[in-house]
Amino acid sequence: MSSLSRRSRAPDVRPSDLRGPGVDNHRVSSRRFIAYALVGMLAGVSCTRASATPSPVPAPPSVAPSPAAPAAPAEAQDPGSVLPNGTFVARSKTHWLTIWRGPSTDAGKRWAFATRNAVGQPIEFLVAKTARDAHGDPWLRILLPIRPNGAAGWVRMGAVSVQKIQQRIIVDLSAKTLRYYRNGHLQHDFSVGIGRPETPTAVGTFYVWAQVPQASPTGPYGVFALGLSGFSPVLTDWPGGGRMAIHGTANPGDRGQMVSHGCIRVFNDDMATLRSVPLGTPVVIRA
């Protein structure tokens, strides 16, 4: 699980450091690798609030004048959902994003988080939850691409741009399959290699953290690699913490086998069809 290098002599790779793009649990010499940065802006999402005060009720015209009924106290209307239904990713508007402990400035800051991955691509954080603070301002709980798996924090919605994502990857470890969906429709269904019993693939909800083209289809990552936000559950002492990946392999015999140090190995012919998977795509790995 080193850097997603373009070339390596060893069959598996290990990352160079925690900030590095290492996405496999394979031990090899580190190499520099090249990735193409995403371009384009994401559409922002915003909500507004409104309130109303009912008018006084006039006295009936047929009876003697009486004082007007007092106005009912104003009731704050529901400000509405922070986001519509669907799956969303958030991209920071700056190079550093303030992470908060809760959906309020009173909750306290956790840290300033770097918002580009090790190959210079802007991280698309998967949105896990939304909330409003006491003032009605919207907040997002985002999954962070760090240990431990499932780490999350809150960000102000105004600090990010938000985009709905239609893609999803489901990995079934028991069936050793990878299914890729777009707009709820199954696009691809592949037999894949998964982690060995002693170096299992982690289960949980992750997302695509990096897209890394490869120089040689016979290299340790095949034709292409998708670095994930999650890490190996057992290889914690490796540089980079043992980041996982979905990556290619030139060996068709890897399909349907427990052969890796935690990564998902996809035969090159199949992996080539996943090149268009966008950053932030949810990757759900099930036992």
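1. A word on terms before the tour: buried means under 20% relative accessible area, exposed means over 50%, and partly exposed is whatever falls in between (1.4 Å probe, protein chains only). Keep in mind that this is a predicted model, where local features need pLDDT of at least 70, side-chain atom pairs count only at pLDDT 80 or more, and totals for chains, interfaces and linings use all residues. Residues are numbered from 1 along each chain as its sequence is written, and side-chain values use heavy atoms, with hydrogens and water left out.

2. Let's begin with the salt bridges (a side-chain nitrogen of Lys or Arg within 4 Å of a carboxyl oxygen of Asp or Glu). Searching the whole structure turns up four of them. As background, side chains of opposite charge can pair when their charged atoms come close. Strand and helix labels here are DSSP runs numbered from the N terminus: helices are H or I with at least four residues, strands are E with at least two.

3. Which residue does arginine 265 meet in a salt bridge? The partner is aspartate 254, at 3.3 Å, N to O. Arginine 265 belongs to strand β18, while aspartate 254 is in the loop between β16 and β17 (258-260), so the contact ties together parts that are 11 residues apart in sequence. Arginine 265 has a relative accessible area of 10% and is buried; aspartate 254, at 7%, also counts as buried.

4. Arginine 91 and glutamate 124 form another salt bridge, at 2.8 Å, N to O. Here the link runs between strand β3 (arginine 91) and the loop between β5 and β6 (glutamate 124), 33 residues apart. Arginine 91 is buried at 12% relative accessible area, and glutamate 124 is buried at 3%.

5. For pairing, two strands need at least two bridges between them as found by DSSP. β3 pairs with strand β9 (residues 160-164) in the antiparallel sense over five bridges, with valine 89 opposite glutamine 163. β3 also pairs antiparallel with β6, over two bridges, and alanine 90 has phenylalanine 125 as its bridge partner there.

6. Rings of Phe, Tyr and Trp (its six-membered ring) pair if their centres lie within 6.5 Å; planes under 30 degrees apart count as stacked, over 60 as edge-to-face and the rest as tilted. The count comes to three aromatic pairs. Tryptophan 111 and phenylalanine 113 have ring centres 6.3 Å apart and planes at 35°, so that pair is tilted. Phenylalanine 113 and phenylalanine 125 are edge-to-face, 5.8 Å centre to centre with 75° between the planes. Phenylalanine 113 lies in β5 (residues 109-114) and phenylalanine 125 in β6 (residues 125-132), so parts 12 residues apart in sequence are tied together. Ring pairs thus link Trp111, Phe113 and Phe125 into a cluster. Tryptophan 111 is partly exposed at 29%, phenylalanine 113 is buried at 10%, and phenylalanine 125 is buried at 0%.

7. Last, the open sheet: eight strands in the order β12-β11-β10-β19-β14-β15-β16-β18, with mixed pairing. The edge strands, each pairing on one side only, are β12 (185-191) and β18 (264-267). β16 (residues 243-249) pairs with β18 in the parallel sense over four bridges, and isoleucine 246 stands opposite isoleucine 264.
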